[in-house]
Amino acid sequence: MKMSNEEIEWLNTAMKQTSDKRLYERYLAVRLRLEGHTFDEIGELLSRARQTISIYWQTYQTQGLSGLELDHSPGQPPKLTEEERHRLAAMLEQHVPADMGFETRYTWTLPLVAEWIKREFDVTLSVRGISAMLKRMNFSFTKATYTLAHANEETQTFFRKHTFAQLKKQVEAEQIDHLLFEDESMIRSYQALQYNWFPRGKQRKVPTYGKHEGAKLFGAINYEIGQVHHREEEKADTAAFIRFLEDLLSAYPSGKIALVLFNSRIHHATGLQPFLKEHPRLQLVFLPPYSPNLNPVEGLWLWLKADVVNNIFFEILYKIRLHVSQFMNRINKQPMETIDRLLVRL
């Protein structure tokens, strides 16, 4: 279940404002449910029957926060017709608030949706009622995502169906001995903060010195066997890239290596060309522009940061390298996990 930030904020405010322990418990039960806990887990935490937690949740779904209040029995809430719901769904999917006359507003919030419904249909709905209705309409409060405006679907399709398909055929025919994907990333002394288990009413505090030290990482994944190679550098320049290529040549001392990678500047640098001429068994294969979805090393970086980097401050640079090395050693002991997680969809 995806957690709504708006709903969590409302619940946090309500929990702070109430002095009634029973009402606080009901708010807490709903919050735990929004965070993904099952009715059984919440019941165990609050020492309540599963059915009681289910009633709290169903009441919240249909009546909102006000329905959780003690001795509350509201009347039948107003509803939209099926045609009005279809209009609402199309509007939310196809337009931002500014398109609909809400000047300089570009994110649909529940109060804005309520205002639009009142204006268009002359129906007054509570934000809680709208939230429940949108969930029944298969909407969720989710974070927007960027899409690469310059990504070309045709070139990506061509890469999948032709370029990459040919590479795999060459591997099967033993014309290519090692097929690898490569990428670079920056690991800072502190990364993003994540949700984690901690005593209620407290937060894990991650101390920092305000510094922005970090390490540049070069990484490569062997498409066939899931083996991961990496190298830490102070800078991601041509010289560092050549050192990483030397590592790969040492790891695979014989046979042709096809290295699939992005079109970054260091991958086309003039200073790189003599090295490639000196090592003709190393072939660089470039991905289409703006195509991170085609490089599984992007997923490797996300995995690394989620597992061992986020929620930690590294006061000494070598500790970053220690954590990265431990992570790489761990996943290389279970290459099937890497294959299942990063490579099966290619």
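Which residue takes a positive phi just after helix 8? In this predicted model, for which local features need pLDDT of at least 70, side-chain atom pairs count only at pLDDT 80 or more, and totals for chains, interfaces and linings use all residues, the residue is Asn 138, with a phi of about 70°. Residues are numbered from 1 along each chain as its sequence is written, and side-chain values use heavy atoms, with hydrogens and water left out.

The protein contains 14 helices and five strands, taken as DSSP runs (helices H or I, at least four residues; strands E, at least two) and numbered from the N terminus. Of its 346 residues, 41% count as buried, where buried means under 20% relative accessible area, exposed over 50%, and partly exposed in between (1.4 Å probe, protein chains only). Among contacts (heavy atoms within 4.5 Å) with a separation of 6 or more, 68% are accounted for by residues 24 or more positions apart.

Helix 8 spans residues 127-136, and its buried residues are Arg 128, Ile 130, Ser 131, Ala 132, Met 133 and Leu 134. The cover over these residues includes helix 1 (5-17), helix 4 (50-63), helix 5 (65-68), helix 6 (82-94) and helix 7 (110-121).

Rings of Phe, Tyr and Trp (its six-membered ring) pair if their centres lie within 6.5 Å; planes under 30 degrees apart count as stacked, over 60 as edge-to-face and the rest as tilted. The count comes to eight aromatic pairs. Phe 159 and Phe 164 are stacked, because their ring centres lie 6.2 Å apart and their planes stand at 10°. Both of these residues are buried. Phe 164 also pairs edge-to-face with Phe 181, at 5.7 Å centre to centre and 65° between the planes. This pair links distant parts of the chain, 17 residues apart, with Phe 164 in helix 9 (residues 153-172) and Phe 181 in strand 1 (residues 178-188). The relative accessibility of Phe 164 is 4%, so Phe 164 counts as buried; Phe 181 is buried at 1%. Ring pairs join Phe 159, Phe 164, Phe 181 and Tyr 223 into a cluster.

A charge sits over a ring if NZ of Lys or CZ of Arg is within 6 Å of the ring centre and within 35 degrees of the ring normal. Arg 33 lies over the face of Phe 39, at 4.4 Å from the ring centre. Arg 33 also lies over the face of Trp 57, at 5.7 Å from the ring centre.
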